[in-house]
Amino acid sequence: MDGTPELMSISAFARRVGLAPSALRFYDDCGVLHPARVDGVTGYRSYSAAQQDRAVLLRSLRAAGLALPDVVAVLDGPPDGAREVLERHRRAVRENGRAADAAIRAVLDGLPAGSGRTEFTLGGAELASAARQVAPAAGRDPAYPVLGCVLVEFGEDEVRFVATDRYRLSVRTLRPAAVSGPQGQVLIGAEALVALGTWAARAGEVVLSVGPAGSPLLVRHPGGEREVAARTGPYPAYRDVLAALEAPAHRVVVDRAALLAALEGGPDAVAVPVELGRDRLLVGRVALAAVCEESEPVRLAFDPAVLAAALESGVGPDALLEVSGPALPVLVRSADQGSFTTLVMPVALPEA
């Protein structure tokens with residue numbers, strides 16, 4: 001052994017690093033990746049194994065769309081300069097992607113309507129969980145039948161399940177495994193959606209197919225198919241409600257089961273006073289340990305049945321309450337389930 005590194009032909013090196021031989025010749029001519037040796041007679045290029053990492057990084061940077069001068073800056077420049085180049089390029093890619101998405105959406109909206117059906121794929125257990133969580137917030141008043149439904153909104157990257165009875169609002173967001181067709185929405189009776197979730201819970205994946213307004217929701221998985229009647233009617237503009245929320249002035253994290261027990265064990269009243277204090281939550285006369293930074297007491301009240309239903313729909317041991325004011329909606333979240341949110345309206349404080 002004479003210590004000379006083993007060399008590879010341009011074809012062998014190209015296969016190893018995932019670049020075409022023509023690309024390697026181009027990068028040699030540009031001075032970005034010179035071969036380890038060039039035969040003086042034949043002009044054949046040879047490469048060493050030590051050049052593999054540089055070639056692979058070069059390929060990755062070009063696949064990401066970097067211009068050759070920026071590639072050189074990353075390969076041969078100082079780390080701070082390389083980081084600046086990459087961050088600048090990433091911002092440009094995001095901006096261009098948003099512009100392209102807007103342009104494509106505009107063209108799609110202008111195309112003649114096709115079949116009008118949309119299909120999206122969800123996990124069976126996820127569908128069951130979403131139905132169970134939001135359905136309790138649906139209305140029961142026959143004078144407002146649309147509030148007895150769950151609004152299912154579907155787009156290219158998320159599916160939202162929404163229910164409200166005007167005193168609370170529950171929203172659960174899921175990420176579909178696949179979506180095809182235009183974005184839209186469908187109204188499904190809350191009880192029917194819960195039954196559908198129970199039927200689908202054991203399936204790995206469930207495909208939901210939605211047609212024009214008023215047409216039934218078609219659901220299938222390997223175990224069978226179901227058709228669920230859809231309702232029609234104007235649904236409350238819940239997005240406006242969410243957009244109008246003020247930033248929370250107070251946050252408290254409390255044991256979810258303990259808070260439920262305090263509500264259920266308290267007096268049978270329409271309004272149960274709740275007081276936020278430093279590392280304490282006072283529910284009626286029951287003091288609960290909590291994570292709370294309030295130096296001055298903050299008092300408000302809830303309908304115990306409404307707040308309890310919101311807590312029962314959560315998951316995990318903790319509940320997070322975000323309070324903006326005594327007369328503003330309170331966000332009730334599971335501390336470890338950010339995709340599920342419930343808004344609960346406080347009620348007037350009872351007289352002392």
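**Ground rules.** I number residues from 1 along each chain as its sequence is written, and my side-chain values use heavy atoms, with hydrogens and water left out. Because the model is predicted, local features need pLDDT of at least 70 and side-chain atom pairs count only at pLDDT 80 or more, while totals for chains, interfaces and linings use all residues.

**Entry 1: salt bridges.** I looked for salt bridges (a side-chain nitrogen of Lys or Arg within 4 Å of a carboxyl oxygen of Asp or Glu). The count came to 15 salt bridges.

I began with arginine 88. Its salt-bridge partner is aspartate 70, with the closest N and O atoms 3.6 Å apart. I then placed both residues. Helices (H or I, at least four residues) and strands (E, at least two) are DSSP runs, numbered from the N terminus. Arginine 88 sits in helix H5 (residues 79-110) and aspartate 70 in helix H4 (residues 68-76), so the pair, 18 residues apart, links distant parts of the chain.

Buried means under 20% relative accessible area, exposed over 50%, and partly exposed in between (1.4 Å probe, protein chains only). Arginine 88 is partly exposed at 39%. Aspartate 70 is partly exposed as well, at 22%.

**Entry 2: a pair inside H5.** Next I took arginine 90. It forms a salt bridge with glutamate 87, and the closest N and O atoms are 2.9 Å apart. Both residues lie in helix H5, three residues apart, which is about one turn of the helix. An α-helix has 3.6 residues a turn, so residues three or four places apart point the same way. Arginine 90 is partly exposed at 42% relative accessibility. Glutamate 87 is partly exposed at 31%.

**Entry 3: a pair between strands.** I moved on to arginine 251, whose side chain meets that of glutamate 322 in a salt bridge (3.3 Å, N to O). This pair links distant parts of the chain: arginine 251 is in strand E14 (residues 250-255), and glutamate 322 is in strand E19 (residues 318-323), 71 residues apart. Buried or exposed: which is glutamate 322? Glutamate 322 counts as buried, at 9% relative accessibility. Arginine 251 is partly exposed, at 46%.

**Entry 4: helix H2.** I noted a network of salt bridges that links Asp28, Asp29 and Arg45. Asp28 also turned up among the buried residues of helix H2 (residues 21-30), together with Ala23, Leu24 and Tyr27. Seen down the axis of H2, the buried residues fall within an arc of 140° (taken from the directions from the helix axis to the C-beta atoms), so they line one face of the helix.

What do the buried residues of H2 pack against? They pack against helix H1 (10-17), strand E3 (45-48), helix H3 (52-63) and H4; contact means heavy atoms within 4.5 Å. Just after H2, glycine 31 takes a positive phi of about 80°.

**Entry 5: hairpins.** Last, I followed strand E16 (residues 280-283). Two strands pair if DSSP finds at least two bridges between them. Strand E15 (residues 272-277) and E16 pair in the antiparallel sense over four bridges. Their hairpin has two residues between the strands, and aspartate 279 takes a positive phi near 50° there.

E16 also pairs with strand E17 (residues 286-291), in the antiparallel sense over four bridges. That hairpin has two residues between the strands, with glycine 284 at a positive phi near 65°. I traced valine 283 in both directions. Valine 274 stands opposite valine 283, and in E17 the bridge partner of valine 283 is valine 286.
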